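Trainee: Could we go through some features of this structure together, taking the general idea before each case?

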Amino acid sequence: MRRTLALLLLSVGVAAAQRAPAGVLTLRFLDVGQGDAVLITSPEGKSVLYDGGRSEARLKALLAQYQVPSLDLVVASHADADHITGLVPAVQQFRPRFFLNNGLAGTTQIWQKLVSAAQQAGTQGLTAKNQVINLGSVKLTVLAPPPGMTDQNTNSVGLLVQFGAFRALITGDSETPETRAWLRQSPATTFGPVDVYKSIHHGARKGDSAAWLAAVRPSNVIIGVGPNSYGHPTAEAITLYKKAGAAIYRTDLNGTVTVTVQPGGTYQISAARGTGTPATRTGAPTPPRTSGVPLPVSYPNCAAVRAAGKAPLRRGQPGYSPKLDRDGDGVACE
Ligand SMILES: [Zn+2]
């Protein structure tokens, strides 16, 4: 009896750690394999799913793992299968009020399935226009596809997420004609600088460009990518992110990447596996601003850090100490 109770408490404890905590903004760049899915939960517990990845089963499992209690809105950046397939079970399970999309019907069976699921759920379709959606205390600015775009990718719907001083930008598979048109429409400060940025089109060659990244100025880039035959992410994209001075996370290497943002905008990034690639800009990297919630960690030496899978450690991360950072550059156990 006692053992049963202990096991029960243990499982409740583990599960509780997975649910987005109240009082903070949580962004999860879900590990859906080759594709994108971003779960955004406001401090008030309201959630948006932006894209759902390529697998219904995978997304279902992730929604259960993260104990998502409800979804207020689902967004399809565009109608490609690696973005909308997981939206089907999300709509069936949570019956969100709205389904925001680019207004261009997909030509695939999965698009038809998503549209019927939305109809059955009583979910209302909304075509993206330049509008602001308030998700509790989080401001979501919709970047509608500019006029004159011809295919699904360049008609991707973007989302700028703002909470206090924190900013994140997600723009599906938009590619250069769309980002160029956005830059013609609005000043660069509309888009950046951002703390967190989702790599365009899984790091494809026609996705991010130097001109666009000069406006976005990301501190951290997260690439939604899995095993694929397209060569994603390309070396060109990785070089662009490094030149932009960004730390890089990849869902194929790091699993689901979670960003937790405190009121006011300080944030922390944690990955299911590993730590991502730290920024290589000159000077000390910006220390991740910690919330004080994690327990203190200390490592006797770099071997212990590596054994824990936490190398390299940046200044500000749990376990970093100047003793482990011999060259004093803010990165220990490189
Ligand atoms: Zn895609």
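Mentor: Let us begin with a loop: P193 lies in the loop between α6 (175-185) and β11, where helices (H or I, at least four residues) and strands (E, at least two) are DSSP runs numbered from the N terminus. This is a predicted model, in which local features need pLDDT of at least 70, side-chain atom pairs count only at pLDDT 80 or more, and totals for chains, interfaces and linings use all residues. Residues are numbered from 1 along each chain as its sequence is written.

Trainee: Which residue is joined to P193 by a cis peptide bond?

Mentor: The partner is G192, and omega of that bond is about 0 degrees. A second case is the peptide bond from H232 to P233, which is also cis, with omega near -5 degrees; P233 is placed in the loop between β12 (218-223) and α8 (235-243).

Trainee: What is the order of the strands in the open sheet?

Mentor: Two strands pair if DSSP finds at least two bridges between them. Here the 7 strands of the open sheet follow the order β7-β8-β9-β10-β11-β12-β13, with mixed pairing. Its edge strands, each pairing on one side only, are β7 (132-135) and β13 (247-250). Within the sheet, β10 (residues 166-170) and β11 (residues 194-198) run parallel and are joined by 2 bridges, and A168 has V196 of β11 as its bridge partner.

Trainee: At what angle do the axes of α2 and α4 cross?

Mentor: Axes are lines fitted to C-alpha atoms, for helices over the stretch in contact, and angles run from 0 to 180 degrees between N-to-C directions. The axes of α2 (residues 56-65) and α4 (residues 87-94) come within 8 Å and cross at roughly 50 degrees. The two helices are therefore oblique to each other, given that angles under 35 degrees count as roughly parallel, over 145 as roughly antiparallel, 65 to 115 as roughly perpendicular and the rest as oblique.
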